Amino acid sequence: MTQGSPDDLLDGLVAGDDSAYEALYDAYGAALLRAATAILGAQGDAEDAVQDVFVAIVRAGERLRGVRNLRAYLFASLRRAALRRHPGRGPVALVRCDVPAAAAPTGTDADTSARLERALAALPRDQREVLALHVDGGLTFEECGRALAISPNTAASRYRYALEKLRDALSAATRE
Amino acid sequence: MAPSELPADLEAIQRLVRARPGPEPSADCRARVLEAVRAHHARKRQARVWQVAAAAAVLVLWLNVAVGTVGERVDLPSDGGNGQALEVCAARIQALVPDLPRREAYRQALVLRAGVAPVAVAPRRGLGPAGRSLSNWKEVHAWVSP
């Protein structure tokens with residue numbers, strides 16, 4: 001089965017077509033994992049959360065027909081799954097299994113990247129969530145707001161605070 | 001908030017966040033997720049089969065009870081709160097068995113009205129204590145016996 005548009009994909013998911021789930025994983029799996037890792041810190045937990053999202057889609061069954069924006073639905077579902085796995089609101093312990101050799105920066109870039117990861121993990125959860133949904137999920141602030149049950153303005157403010165904290169953390173690390 | 005609304009330093013941070021290397025999924029991540037999906041599909045299908053089976057069992061049970069109830073029902077004239085019903089019942093019994101003494105017809109009508117299967121005109125299984133005692137009477141055997 002070829003999955004052309006999101007509507008075709010949704011039809012396949014509702015019908016329980018295995019190839020639709022494969023196509024969904026290939027299309028969104030990496031982004032979901034990236035966002036989940038940003039929210040949860042530990043990659044093992046992130047993979048479990050991604051699995052929870054897929055299982056939730058199976059459970060949703062016919063209700064999926066009401067989904068208008070599959071991407072927003074997936075990332076909102078991911079946020080709920082992450083919340084179940086790690087209900088805490090504070091920073092997370094950064095546990096990354098692997099960084100792909102090809103993508104891993106070297107030298108100074110590697111330092112910056114490591115500092116950035118640490119700074120991300122140190123952000124409060126609500127800011128980390130907005131950052132993950134907006135940057136990794138590609139959701140607009142309106143969609144972020146719907147997923148987090150907050151106003152778009154609040155989502156935008158949290159995003160800005162997150163960026164400011166990251167900037168400050170990176171600047172402090174550079175001064176050291 | 002559009003990216004253009006961000007000051008230059010925050011935009012630079014935003015670019016940095018976007019460009020950070022993503023996590024490499026563990027080797028079996030895709031297979032594990034898809035396997036979980038397949039397992040849930042199988043469980044869902046199994047649950048549906050059980051639901052259909054349970055519904056069918058309830059239907060069969062209901063039919064069984066309904067047919068049994070209809071088969072065992074005794075049509076009696078309704079009481080109506082007066083003694084006329086007994087009169088009518090006895091008359092119907094006598095009409096069915098003309099040589100039955102009138103007194104016995106009344107007795108049978110009383111037994112029937114008590115909710116017990118007819119003693120002499122119905123099979124003996126299912127007789128209550130009153131029916132059994134009636135069937136032991138000589139007078140009854142006199143007209144039941146060939």
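Predicted model: local features only at pLDDT ≥ 70, side-chain atom pairs only at ≥ 80, totals over all residues.
Local features need pLDDT of at least 70 and side-chain atom pairs count only at pLDDT 80 or more, while totals for chains, interfaces and linings use all residues. Residues are numbered from 1 along each chain as its sequence is written, and chains are lettered from A in the order in which they are written.

**View 1. Chain B meets chain A through 26 of its residues.** They are in contact with 38 residues of chain A, contact meaning C-beta atoms, placed from the backbone, within 7 Å. Helix 2 (29-72) of chain B gives the most to this side, with eleven residues; helix 1 (8-19) of chain B also gives two or more. Helices are DSSP runs of H or I, at least four residues, numbered from the N terminus.

**View 2. The largest nonpolar core has 54 residues.** Such a core is a set of buried Ala, Val, Leu, Ile, Met, Phe, Trp, Tyr and Cys residues joined through C-beta atoms within 7 Å; buried means 20 or more other C-beta atoms within 10 Å of the residue's own. L32(A), A35(A), A36(A) and L78(A) touch the most other members. Helix 2 (residues 18-40) of chain A supplies the largest share, 13 residues.

**View 3. Helix 2 of chain A crosses helix 6 (residues 125-136) of chain A at roughly 160°.** Their axes, lines fitted to C-alpha atoms over the stretch in contact, with angles from 0 to 180 degrees between N-to-C directions, come within 8 Å. The two helices are therefore roughly antiparallel, a term for angles over 145 degrees. Among the residues making the contact are A31(A) and R34(A) of helix 2 and R128(A) and E129(A) of helix 6.

Notes:
Contact = placed C-beta atoms within 7 Å. Buried ≥ 20, exposed ≤ 12 C-beta atoms within 10 Å, placed from the backbone. Parallel < 35°, antiparallel > 145°, perpendicular 65-115°, else oblique.
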